[in-house]
Amino acid sequence: MIQVQRTRTEYDVVIVGSGAGGGMAAYELTKAGAKVAVVEAGPLWNSGTDSTMFVWPYQTPRRGGSTPDKPFGEHDGCIGGWRIDGEPYTTAPGSEFMWWRARMLGGRTNHWGRISLRFGPYDFRRKSMDGLGDDWPISYDDMKPYYDDVDRLVGIYGTNEGLPNEPDGIFQPPPAPRCDELWVKQAADKLGVTCVPGRLSILTKPLNGRPACHYCGQCNRGCRTHSNFSSPGVLLAPAMLTGNLTIIPNSMVREVTMNAMGRATGVNFVNRDTGGDEHIRGKIVILAASACESARLLLNSKSPQFTEGLANSSGAVGKYLMDSTGAWVGGYFEKMRDMPAHNHDGTGGMHLYMPWWLEGKKLDFPRGYHIEFGGGKGMPGYGAMGGIQNYPPGGGYGAQLKKDYRSWYGATLGFAGRGEMIANEDSFCEIDNNVVDRYGIPVMKFHWKFADYEILQAKHMQETFRSLIQELGGTPWSDMPTKESKYGLARGGEIIHEVGTTRMGKDPKTSVVNEWCQAHDVKNLFVADGGPFVTSPDKNATWTILALSMRTSRKIADMRKAGEL
Amino acid sequence: MDRRTALKAAVAAPFAIAAVTNAEAEQASLQVLGLFEAAGAEQAQAFKPKFFTAHEYATVRVLVDMIIPRDENSGSATDAGVPQFMDFIATDQPNRQVPLRGGLGWMDAESRKRFGKTFILATVAQRRLILDDIAWPKKAKKEFSHGVTFFTSFRDFTASGFYSSRIGIADLQYIGNTVNMNWQGCGSAANAHLGVTQPARG
């Protein structure tokens, strides 16, 4: 029998999750005077003190190699991954889906590439344009003021280009492009592919007490000076300074609790330090646990009133699951051999990128993708100089091999596409009826299928990347993949941009939350992660999660003031 | 509520540290670097492998230096601690153990077949004859496929250890992993190599 320990304090707002959505909600609502508790499944972590920034590979015996909870290498800032010990998930027969979860303060804001792209005007009304999927109940104009405020608060570099569906922003100056980025741009220009400065939430000027980037190229390890965006340093710390925020780490939420009037009263969670169950009371509950984790929480919060899960009278919780499409082609480039030694680090991401450049063109797939690219003389580490047999020397050993390694170091580039998937009936998640995790919480089961749309988009990516490589005189590592291999399309969940599982809409019969991310069925319950997204444009989700959470939170503050909650 | 009160300090304090000028940030970063430098000082005592047997370890030492020897620019794979690295990784990633042990066994078996002695007891010229047959996958004869698979992986493993070492990183002339407040691109020499020029800053 589980004994639930109840806390006496009733918070104004209980937020589940401390990433982009939860961090922003905590920031906005504590500033507005609400007493807020953030419940985080993982431990405390702050890049200001915990990052391995500047550690050389030879300073650890693993040389930066991966571990089970650091699949991107031991120095990566994110604790989590596609597999977490004791927290399984399942996939339906024939479905392939990988679910990335972070377990730490700041959640996945410790992982991402800081690529911060606003959704554009078309992205909110695609169904009206091509008949596929659904329109959002809100427009770009509704979102613009919040995107502007996120730019001002968090900081972002980029340039105003006046592109049709890539809105301008309030940008800090972009960093000078790296040599190979300039070189690729020449090829892109020749092929008619738009190539402009990247848009990343890394400071190139001091902002709100945070210093500018020092160009060590290690954003993924977490920034010791908080010069890039992650939730703890940029949102939770100032929220903490208001005196209104309580952070409850190592606490895995089991369910949202309800009263007889159909209002949320707080959440039950497992205190991972003690193993005991606890309850925390809140007048308002905001779920920001990530799209699939929030959906899981709703589906697991069953009661006589909500037999199909909480806020699920539409049956849409867990449906409309989307991830970005992805494909990658890398290669080696004769011209990049024997480059003069130089510091190639720059910021921890791209200084140039290629936004979707074929809007409105007739193609055999809908929507589009953007291109992220990079390579060159990065810091060597675990796995350095692997695969020499695939370079012109074809292998070898001894003095000549050593010369070859030296000559080919940094002579590689890779191109990655991130594109839009259309929600489909075969891609969703639900509760697995037979499996629980180590806390006894029923786990998610994923169903996944790409349509031809996504597969044909991957083909187009492959062709584009190969044309660019050819234009640069390079040699791709791999041959053009076949249709049978889906043209190298990344697996579902592999791009780590899951959205759509608690989607927003005007109609309570077909959507989970309204345009303010407020549950249709439960007035004091909100969702502030990627769950409410109606579509999944090629733009990485974080900037829109931040803007949407800011919009939701300010609405909640207004409603509290007006006594509407 | 002790746990929670403590958190206020834990989270807010680093933010206060961050609220400084760029110069101070640079200094703070350099201090951090110094800390890690001190912590990373390598222990040069006699090394006892945890995974490799004494014979395997001797073979590894010979093989890695045949792959990456000392030259006029830098030391060899053993100078860079590659055998120790391999032993650590083999215990850290147990799925490597069978291919590694088996591959070293293949090398000995091949050497015995050809020369009647283990790989390390063969002459340098004899060892090279074996490597010549397995070091270029596309040119290799089918009968050596197992040796090719092992050697391809072992060469990558050697490179991984060597080029993540202090010696290897210096050999590649990597410049970076440091505070570089004045980033202005890769510099004119690198730009010239690729035939590009840095656009004027607006």
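Predicted model: local features only at pLDDT ≥ 70, side-chain atom pairs only at ≥ 80, totals over all residues.
Residues are numbered from 1 along each chain as its sequence is written, and chains are lettered from A and ligands numbered from 1 in the order in which they are written.

The strands of this open sheet are three, in the order β4-β16-β15 (chain A), with mixed pairing. Its edges are formed by β4 (90-91) and β15 (428-436) of chain A, each of which pairs on one side only. Helix α7 (residues 291-300) of chain A packs on the sheet, where it touches β15 and β16 of chain A, and its direction makes about 60° with that of β15(A). Contact here requires that the C-beta atoms of two residues, placed from the backbone, lie within 7 Å, and angles run from 0 to 180 degrees between N-to-C directions, with axes as lines fitted to C-alpha atoms, for helices over the stretch in contact.

## An antiparallel sheet and a hairpin

Another open sheet of chain A has four strands in the order β13-β14-β11-β17, with antiparallel pairing. Because β13 (369-375) and β17 (474-476) of chain A stand at the edges with a single partner strand each, one side of each is left without a neighbour in the sheet. Direction ignored, neighbouring strands of this sheet are turned by 25° against each other on average. Seven bridges join β13(A) to strand β14 (residues 412-419) of chain A in the antiparallel sense, and A:E372 has A:A416 in β14(A) as its bridge partner.

Strand β9 (residues 264-271) and strand β10 (residues 277-287) of chain A pair in the antiparallel sense over five bridges, with A:E278 in β10(A) as the bridge partner of A:F269. The two strands form a hairpin with five residues between them, and A:G275 in the turn has a positive phi of about 80°. β10(A) also pairs in the parallel sense, over three bridges, with strand β18 (residues 525-527) of chain A; there the bridge partner of A:I286 is A:F526 in β18(A).

The axes of helix α5 (residues 179-191) and helix α9 (residues 452-471) of chain A come within 9 Å and cross at roughly 115°. α5(A) contributes A:V184, A:A187, A:A188, A:K190 and A:L191 to the contact, and α9(A) contributes A:S467, A:L468 and A:E471. By class, this contact has five nonpolar, one polar and two charged residues, where Ala, Val, Leu, Ile, Met, Phe, Trp, Tyr, Cys and Pro count as nonpolar, Asp, Glu, Lys and Arg as charged, and the others, Gly among them, as polar.

A:G473 is found in the loop between α9 and β17 of chain A. With 12 C-beta neighbours inside 10 Å, A:G473 counts as exposed; a residue is exposed if 12 or fewer other C-beta atoms, placed from the backbone, lie within 10 Å of its own, buried if 20 or more do, and partly exposed in between. Not counting residues up to four places away in sequence, A:G473 touches A:F333, A:E334 and A:K335, and the C-alpha atoms of A:G473 and A:K335 are 7.6 Å apart although the two residues are 138 apart in sequence.

## Chain B and its side of the contact

Chain B has nine helices and zero strands, and 35% of its 202 residues count as buried. Among its contacts between residues at least 6 apart in sequence, 52% join residues at least 24 apart. In α7(B), 14 of the 19 residues are buried, so this helix is largely enclosed by the rest of the structure. At 1.5 Å a residue, its 19 residues should span 27 Å, which agrees with the 27 Å between its end C-alpha atoms; the expected span is 1.5 Å times one less than the number of residues.

The contact between the chains takes 72 residues from chain B and 79 residues from chain A. On the side of chain B, two or more residues each come from α1 (2-18), α2 (22-39), α3 (54-67), α4 (82-92), α7 (145-163), α8 (166-171) and α9 (188-194) of chain B. The largest share of that side, 10 residues, comes from α1(B). By class, the side of chain B that touches chain A has 40 nonpolar, 20 polar and 12 charged residues.

Key: Pairing = 2+ DSSP bridges.
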